[in-house]
Amino acid sequence: MAAIRVSEIIEKFSLENLTPEINVAAKKVKEPDINRPALQLTGFYEYFDSHRVQIIGQVEDTYLKTLDTDTKAERYNQLLSCNIPCLVFCRGLYPDPELLEMAIGYDVPVLRTDKSTSAFMAEIIRWQKVKLAPCISIHGVLVDVYGEGVLITGESGIGKSEAALELIKRGHRLVADDAVEIRKVSDDTLIGSAPAVTKHFIEVRGIGVINVKNLFGVESIKETQSIDVVIRVEEWNKEREYDRLGTNDEYIEYLGNKVVCHSIPIRPGRNLAVIVESAAVNFRQKKMGYNATEELYKRVQENMARNREDED
C-alpha cells in the first residue's frame, strides 16, 4: 500500500519541526484526507480516524486556551495516545510546552506552518491525493500539447519518442518517455508522471539518451499532466478499415477511468507530430462545444436539401 513519509510532508510544505528528536522518516501517512480534531479535543472519540494528518487551527487553539491545566493535559494525552502520524499547527500558532513534551513521549511529530488553516488543508489534500492515488505503469510517451495531456502508445520502435522530440521542438512539453506512471486522483481524472529514474530523459534509437531539460530548457518539460486523450500508434494495415470521419469515439480504460482513444495508422510520409497536435486541438474544440464532424454532416444535409429544392 502506498504511503507518504512525514519527512516528505515537511520538505514539501517547508514545515518547521518542533520535535527534532523524533525520527520523522519512520512515520508514514496512508490516507489522503486530513482531520481537524476539534471534537476530539472536547473528549469525543466515538469516530476518529487517527491515521490521518491532524491539523490544529485557530478554532482548536482558541478552545484549548479556555481549558484549565489539568483538563488540557488530559485532552493532549487522549489525542497523542491514538498513534496519530503527526500534528500540524497552522497560522504560526505555537503549541504549549506541555504538549511538546508529551508528544516526544508518545513519539508523535509536532509541526508548524505560517499558512492559513484552509490554504494548508487544500494544498496538502490535493498533494496527498496524487501521491497516494492508485497507480499503474505503462509503456508510452506523455506530452503536454496545447495544455492537453496526450498519451502516445504503441509497439517499441514505432516512432513514439521521435514524435515526442518533434513536439518538443515545436514548443510542447515532455512529461514522460518510455514508462508513464498513471495515478487515479478522482473518478474523472488520471494524472501521468515519469518515474524518478527516467524523468526528463528521451531515448531515441540511433542517437541514444537525451536529457530534454538540459538540451531544450526547463520550459520543455512538465512534472505531471492529466491524461486527456490517447493516441495509439500502429503499423498501417490495408486489410483494416480505419475511422475517417470520427463519428464514433473510441475509449481506453485505465484504473476504471475511460479516456478518448484514437488509433493512428503509420506508414512512410505521415507526420505523427502534426497528427498529435491536430488531435489535441480537435479534442479541445470538442470540449468547448464544437464538433467538426457534426459541422460537416450539417453542411452535407443542407447541400442535399438545396439540391432537392433545385430539382423540384
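Predicted model: local features only at pLDDT ≥ 70, side-chain atom pairs only at ≥ 80, totals over all residues.

A: Here's a quick tour of its aromatic rings, cores and sheet.

Q: Why do Phe13 and Phe120 count as edge-to-face?
A: Their ring centres are 5.5 Å apart and the planes sit at 75°, so the pair is edge-to-face. Phe13 is in helix 1 (residues 6–13) and Phe120 in helix 6 (residues 117–131), 107 residues apart. Helices here are DSSP runs (H or I, at least four residues) and strands are too (E, at least two), numbered from the N terminus.

Q: And what about Phe13 with Trp127?
A: That pair is edge-to-face, with 5.4 Å centre to centre and 90° between the planes. Ring pairs link Phe13, Phe120 and Trp127 into a cluster.

Q: Is Trp127 buried or exposed?
A: Trp127 is buried at 13% relative accessibility, and Phe13 is buried at 6%. Buried means under 20% relative accessible area, exposed over 50%, partly exposed in between (1.4 Å probe, protein chains only).

Q: Switching topic: which residues touch the most other members in the largest nonpolar core?
A: Val150 and Val276, out of 30 residues. Such a core is a set of buried Ala, Val, Leu, Ile, Met, Phe, Trp, Tyr and Cys residues joined through side-chain atoms within 4.5 Å. Helix 9 gives the most to this core, with 7 residues. A second, separate core of 20 residues includes Trp127.

Q: What order do the strands of the open sheet come in?
A: The 6 strands go 11-9-10-17-19-18, with mixed pairing. Two strands pair if DSSP finds at least two bridges between them. Strand 11 (173–176) and strand 18 (250–254) are at the edges with a single partner strand each, so one side of each has no neighbour in the sheet.

Q: How do strands 18 and 19 run?
A: Antiparallel, joined by 5 bridges. Glu253 stands opposite Lys258 in strand 19.

Notes. Residues numbered from 1 in each chain as written. Heavy atoms only, no water. Phe/Tyr/Trp six-rings, centres within 6.5 Å; stacked < 30°, edge-to-face > 60°.
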